[in-house]
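Here is a short report on one protein model. Please read it with the structure open.

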Amino acid sequence: MERGRCMLLLMMVLIMDIDRGEGQLVEDFYSLTCPNVEALVKKAVSTKFNQTFTTIPATLRLFFHDCFVTGCDASTMVSSPNGDAEKDAPDNLSLAGDGFDTVVKAKQNVEGACPGVVSCADILAIAARDVVVLAGGPSFNVELGRRDGLVSKASLVKGNLPEPGFNLSQLNAMFARNNLSQIDMIALSGAHTLGFSHCSRFANRLYSFSSSSPVDPSLNQDYAKQLMDGCPRNVDPSIAINMDPVTPQTFDNVYFQNLVNGKGLFTSDEVLFTDPASQPTVKDFANSSSDFNGAFATAMRKLGRVRVKTGSQGSIRTDCTVINS
């Protein structure tokens, strides 16, 4: 009886993959095979959040880094005994362990109810939405049906993630490669309203910006002093600073208000306000939390579609940290 039920579920999944075609996601993908998947993930995310706030920025950042390298396929979740998986790349070493742990715990919850059905990539996408909501941000429906990637290489990361020194053209070019518009890019940058950054990522703005001005002139003077106090020269590299100095644990539009006031932590943050091409959107988001929330929800759904694997392009991992043999 149980064997027959498992075969029926497998056939249903295969039929859905065929009917929906490669690369297509739908909100009700697991309506027949794992109808409680979102509740199961939410329970794990909430439990982890109650243990540490870092769950929120860590999970959100993990989703972004995963999607931008080889697509939203949980390849960043993979561990390699040789230290050569995506997570081992220099740009990913700062990803907080709490994000990985959130997905692992959620996967365990889901596997207990629906073994071998839900991908780690979909669990990460759901978890990313859930942490935004827990921080006070907008809720939105998550499209599902991703498969987990079959490749995870550190060598694929370089050049696929935005750098803190990027200008507007560089940001737009990188996001456009992932079918994301300038408005999407600005909205997703608003995730910097949460979390923290290590001093080394922005120290050049404080001590060596240019030959004529060691401090970046676009920085608010009081904010620059605050950053210098928190990040003195030769500071311990493990020291980190809140990316939003005003409401660092709330998902809101204060990030954009900070930009207007010269309090963007990265050059790639502040340039969104200083460049005339993007300034109107920053001002809009700074003045209207509803405009920002709506744009962010739209951008997150679009981000979740980046180079997804479906059908034979991927697999369903039992353990998110190990690629199926």
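Alanine 74 sits in the loop that links α3 and α4. The model is a predicted one. Most residues other than glycine have a negative phi. Alanine 74 has a positive phi, near 60 degrees, and is not a glycine. Is alanine 74 buried or exposed? Its relative accessibility is 0%, so alanine 74 counts as buried.

Asparagine 179 also calls for a look. Its phi is positive too, at about 60 degrees, and asparagine 179 is not a glycine either. Asparagine 179 belongs to the loop between α6 (168–176) and α7 (182–189). Its relative accessible area is 65%, so asparagine 179 is exposed.

## The annotated binding site

UniProt, in an unreviewed entry, applies "binding site" to Asp66, Val69, Gly71, Asp73, Ser75 and Glu86. These positions spread over 21 residues of sequence, yet they cluster in space, with a largest C-alpha distance of 12.1 Å.

Serine 75 lies in the loop between α3 and α4. Its relative accessibility is 0%, so serine 75 counts as buried. Which residues does serine 75 contact, leaving aside neighbours within four places in sequence? They are Asp66, Thr70, Glu86, Val151, Ser152 and Arg317. Among these partners, Asp66 and Glu86 carry the "binding site" annotation as well.

Valine 69 is placed in helix α3. Valine 69 has a relative accessible area of 7% and is therefore buried. Not counting residues up to four places away in sequence, valine 69 touches Glu86, Leu156, Val157, Asn160, Leu161 and Arg307.

## Proline 162

The UniProt feature "binding site", from an unreviewed entry, is also placed at Pro162. Proline 162 is in the loop between α5 (120–134) and α6. With a relative accessible area of 22%, proline 162 is partly exposed.

Which residues does proline 162 contact, its neighbours within four places in sequence left aside? They are Phe64, Phe68, Leu171, Met174 and Phe175.

## The annotated active site

His65 is what UniProt lists for "active site", again in an unreviewed entry. Where is histidine 65 found? Helix α3 holds histidine 65. Its relative accessibility is 7%, so histidine 65 counts as buried.

Beyond neighbours within four places in sequence, histidine 65 is in contact with Thr76, Asp91, Asn92, Leu95 and Leu161.

## How α3 packs

Two packed helices are described by the angle between their axes and the distance between the axes. Helix α3 (residues 55–70) and helix α4 (residues 97–113) have axes that come within 7 Å and cross at roughly 80 degrees. The two helices are therefore roughly perpendicular to each other. On the α3 side, Thr55, Ala58, Thr59 and Leu62 take part; on the α4 side, Asp98, Gly99, Phe100, Thr102 and Val103 do. By class, the residues in the contact of α3 with α4 are 4 nonpolar, 4 polar and 1 charged.

What is the angle between α3 and α5? The two pack at about 140 degrees, and their axes are 9 Å apart. That makes α3 oblique to α5. The crossing of α3 past α5 is left-handed. From α3, the contact uses Thr55, Ile56, Thr59, Leu60, Leu62, Phe63 and Asp66; from α5, it uses Leu124, Ala125, Ala127, Ala128, Val131, Val132 and Leu134. The contact of α3 with α5 divides into 11 nonpolar, 2 polar and 1 charged residues.

## Helix α7

How many of the 8 residues of α7 are buried? The count is 6, and α7 is mostly covered. The buried residues are Asp184, Met185, Ile186, Ala187, Leu188 and Ser189.

Which helices do the buried residues of α7 pack against? Their partners are α6, α10 (254–260), α11 (267–274), α12 (279–287) and α13 (289–303).

Conventions: Residues numbered from 1 in each chain as written. Predicted model: local features only at pLDDT ≥ 70, side-chain atom pairs only at ≥ 80, totals over all residues. Heavy atoms only, no water. Axes fitted to C-alpha atoms, helices over the stretch in contact; angles between N-to-C directions. Helix = DSSP H or I, 4+ residues; strand = E, 2+ residues; numbered from the N terminus. Parallel < 35°, antiparallel > 145°, perpendicular 65-115°, else oblique. Contact = heavy atoms within 4.5 Å. Nonpolar A, V, L, I, M, F, W, Y, C, P; charged D, E, K, R; others polar. UniProt positions renumbered as here; feature names shortened; annotations may be inferred. Buried < 20%, exposed > 50% of the residue type's maximum accessible area, 1.4 Å probe, protein only. Left-handed = near helix turned anticlockwise from the far one by under 90°.
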